[in-house]
Amino acid sequence: MLDVVAADAAIRALLSRHWDVAGTLVPLPGEHDANFRVTAPDGRGYLLKLHAAGTADAEAEMQAAVLAHLAARDPGLPVQRAVPAGDGRLVVAVEVAGRRRLARLTAWLDGTMWADRTGIGDEVRAGLGAMLGRLDRALADFRHPAAARAYAWDLLRAAEQRDALGWIPDPDSRTAATAILDRFAAEIVPQLAACPRQVLHNDANDRNLLLDAEGRIAGLVDFGDMVETARVSEIAVAAAYAAIGAPDPVAAILPLVAAYHEANPLEQQEIDVIHELVLARLAVSLCMAARQSRAAPDNAYLLVSQDDVRATLARFAAQDRHLARMRIREACGLAPNPAAPGIVRWLEANAHRFAPVLETRPAADQVAILDWDRHGANAGILEELTDPAALSAWCERQLAQGGATVGIGRYREDRPVYRAAHFETPDPAERRSIHLGLDLFAPAGTPIRAPIDGVVEAVGDEPAAGGFGGHLLLRHATDDGTPFWTLYGHLRPTSLAGLAPGRAVAAGDRIAVLGDLAENGHWPPHLHLQLLTHLLEMGVGIWGVAPKSQLEVWESISPDPNIVAGIPASCSAVPDRTPARLRQLRRRVVGRSLSLSYRDPLKIVGGRGARLIDEAGREWLDMVNNVAHVGHGHPRVVAAAQAQMARLNTNTRYLHDHLVEYARRLTATLPAPLSVCFLVNSGSEANDLAIRLARAHTGRHDLLTLDHAYHGHLTSLIEISPYKFAGPGGQGRPSHVHVCEMPDLYRGRFRAGDPEVGARYAEDVGRQAAAARARGGVAAFFCESILGCGGQLVLPDGYLKAAYAHVRAAGGLCVADEVQVGFGRAGSHMWAFETQGVVPDIVTMGKPIGNGHPMAAVVTTPEIAAAFANGMEYFNTFGGNPVSAAIGLAVLDVIRDERLMHHAAVIGARMVDGLRDLSERHPMIGNVRGLGLFLGVEMVRDRRTLEPAAPELSALVEAMKTRHGILLSTEGPHHNVLKIKPPLAFDAADCDRFLAALGGELNRLELTSV
């Protein structure tokens, strides 16, 4: 080892000579090399590494080369940057204390060592995984001869450490490490042969990782353990140290693994060996420490973390290794048990052959759901009923009240009744509470039968309170021989006599009877039926109740047992997942292009009027949901839907009063000759149909649209939506689409005050119509009656009148897109196009039409409708169905009866007055605009230059949410328009609350920017 005190002068000299650097030196720990932090007088920091005497030149050069490689491949990676010597070399041979050393200098990375921080959470571990995924992606094409070395810390060579097992002083650790390395040699090494290989950092331990003040990954240092090995080793090494101190080490590494996999996708065989590699790394660490303690007992660097390693290994070893592997698979988006999907498919295909589990399979009117969920209607009762006899009596009363013969305890219920100690988990903050079986409540002594041919796997008895009582495990097999099991709990132990392991059981055979309180684990008499695709290492003692955090894993191990039982009732509960967990699952099963609102997305479970309600019961003032037009959960709309759904829902090939009544009522709100209605399911579908109508009537193909417009997500509508085709991922303007100038009175060429401004903007519609005419003519001009994505822009007076004239002169039709702004939202009129004094040829409607129910409409003239009836039938499976029509009628009634159009005008005027008052005190408000309750507030940094204040508005929206519970959003080409379009249940008090909160946040923003 280097005597750093004696070598101080030599080190200073070499720094000055080769790098022209001077400063203070602080020695740092290292297993082999001598490391120094250097702080120059100007404050710049460096890391000087003196490689251990005897280090091959190639190894030192590799460490320098990899930093250069990473700087080129991914400059944003938080790794050190090499500092060349004066002659350009990255590695300099020097002599220190009479020994040849190889010296390298790198820039210093600021941060606190991971090992010195407490409270490391999932977000930090995920950050580590993401960083390592980026790192290994950047290293994928790095090659260096020195990387192919035989290195003891290479996990591929872990089994070679078995000769040091006997030197591990702690007997429990020695036993665990021996089992791990023996299994590693026999099972894991062959699997690693198929895994990808590359050069890795190979030592992302808690003393090589730096965190910034916010706890984010700030740096990865020390590439001295680099080696070419199995890629998955990178995760295993990092995970072994990231799990230190965690009560559940498997849970601790899941965010790391998942984030790595997202950044640098792993192959399935890699995922399947991660857990064993983590165990192997911990075992190797113990072996290396034991070996070193014999050779150099004073090496503090190597011994510093061994207590943590032993404790972490013990926690890992205490957990079922099959379950750990499944948890890791699930974190990576794989089926936790790969056999489970095939088993479930076989069961579903053969369920008609299964025998009843009870004497007969009960009919729907013979069963009653006994709700035991902690969030259900009986939660308070269950908390009080701690006495088994009282709980049993309550269950009997529930059955008697419903006239049922069988009670159902649902699969996946989150139950508060599991109070016994054996339901605890390694994490003190969580108990096992998710019910994995199907409970069939019936009197003690009720016979139980085997539903499927099988063989007795095991028999057991667990009579203690909270236990399984007598229980039986049967093994079955699919046609291809894949095994699965059924578990029967809370049985009378004496009824299991003679059911020895290996005995064959036929479907329909009587296998047991239900036990009573004294023999079934002190539960109300019932059968716990559980379906299993894997027994882990638990056998007959496999869990019947799972931790909520492992729900998806246990769904794979224990699928819904009603596949077997066939009870005609809703026997599965929908678990209540956290917003964070829902977000993870959503990213897997829902297209990622479907975005979420806000930095911390909300989990919304209810709504009332202008309020949304989250899972904790907090109410949020909703100021952006123009879909819930008459208010969330309006009782008249809900009642209409429920009543009609209970009677009939079918398609429009049959006569039904609601369809005709709704079409008559809807068209009566529009000016003549708009009188023919087509009912569809969405605004996008409505606009697509409008294109077809226009082309059928005109015989022409080209379409006119406004810049920044958005008309829907279908291919035909993306083509006429510059907001999409000219944005990220767009493919540009199609040749048949002509984009007209957006009439923006705030930023456009022509500003407010000119009485002819509308006509001036409309001149571009004439130019584009002429261009279309040169290609064969205009089919239609699409224009929202108030521009939404364009920035909540009110059209200038006279614009549509002049634009429609240009279009009609070119032989085209005029389409008013009222999908966002119709049904009285404008305040002065039912339809916003009416404010322009025009009558379009086609009107499209959506969003507010059904108050959240998926319906939409197209209304046109008899002449245009007749042209569309060209022999090709138009049919829409769901459009105009009786339920949708009933809902639409209820919405029209509520708008009329609650005077919501007038309400929109009054509250909208109050809002505009308040916003304009705020604009006099806050120069960030550049423009206030809109009609009724469809408003926009454009935010600018400078009213003269109109520089958009997009980042400020984004921060404002987040602040209004987090500090005031008010939900808003942004809009416009520059993302600097605050859009306001609440349900029309939004009232004066809501308006005043919003204005007060907005004023406060604008004050805060302006003070911050000073």
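Predicted model: local features only at pLDDT ≥ 70, side-chain atom pairs only at ≥ 80, totals over all residues.

Let me begin with Arg825, which counts as buried because its relative accessibility is 0%, where buried means under 20% relative accessible area, exposed over 50% and partly exposed in between, computed with a 1.4 Å probe on protein chains only. Residues are numbered from 1 along each chain as its sequence is written, and side-chain values use heavy atoms, with hydrogens and water left out.

Arg825 sits in the loop between strand E32 (813–817) and strand E33 (842–845); helices (H or I, at least four residues) and strands (E, at least two) are DSSP runs, numbered from the N terminus. What does Arg825 touch, if we do not count residues up to four places away in sequence? With contact meaning heavy atoms within 4.5 Å, its partners are Asn626, His629, Gln820, Ala904, Leu931, Gly932, Leu933, Phe934, Lys981, Pro982, Pro983 and Leu984.

Once neighbours within four places in sequence are set aside, Arg581 is in contact with Glu330, Glu552 and Arg588.

Met538, by comparison, is partly exposed, since its relative accessible area is 22%, and it is placed in the loop between strand E21 (526–532) and strand E22 (545–547). Leaving out neighbours within four places in sequence, Met538 has contacts with Asp320, Trp543 and Trp554.

Arg412 is not a glycine, although it has a positive phi of about 70 degrees; it lies in the loop between strand E12 (406–409) and strand E13 (432–435), and it is buried at a relative accessible area of 16%. Asn851 likewise has a positive phi, near 55 degrees, in a residue other than glycine, and it is found in the loop between E33 and strand E34 (856–860), where it counts as buried at 12% relative accessibility. The peptide bond from Ala672 to Pro673 is cis, with omega near 5 degrees, and Pro673 is in the loop between helix H19 (657–667) and strand E26 (676–680).

Next, a helix pair. Two packed helices are described by the angle between their axes and the distance between the axes. Helix H3 (residues 122–139) and helix H6 (residues 249–263) pack at about 35 degrees with their axes 7 Å apart, the axes being lines fitted to C-alpha atoms over the stretch in contact, and the angles running from 0 to 180 degrees between N-to-C directions. On the H3 side the contact includes Leu128, Gly129 and Leu132, and on the H6 side it includes Leu256, Ala259 and Tyr260. By class, this contact has 10 nonpolar, two polar and five charged residues, with Ala, Val, Leu, Ile, Met, Phe, Trp, Tyr, Cys and Pro counted as nonpolar, Asp, Glu, Lys and Arg as charged, and the others, Gly among them, as polar.

Finally, the chain as a whole. How many helices and strands are there in the protein chain? There are 29 helices and 40 strands, and the C-alpha atoms fill a box of roughly 100 × 90 × 55 Å, taken along the principal axes. Of its 1010 residues, 54% count as buried. Among the contacts in the protein chain with a separation of 6 or more, 73% come from residues 24 or more positions apart.
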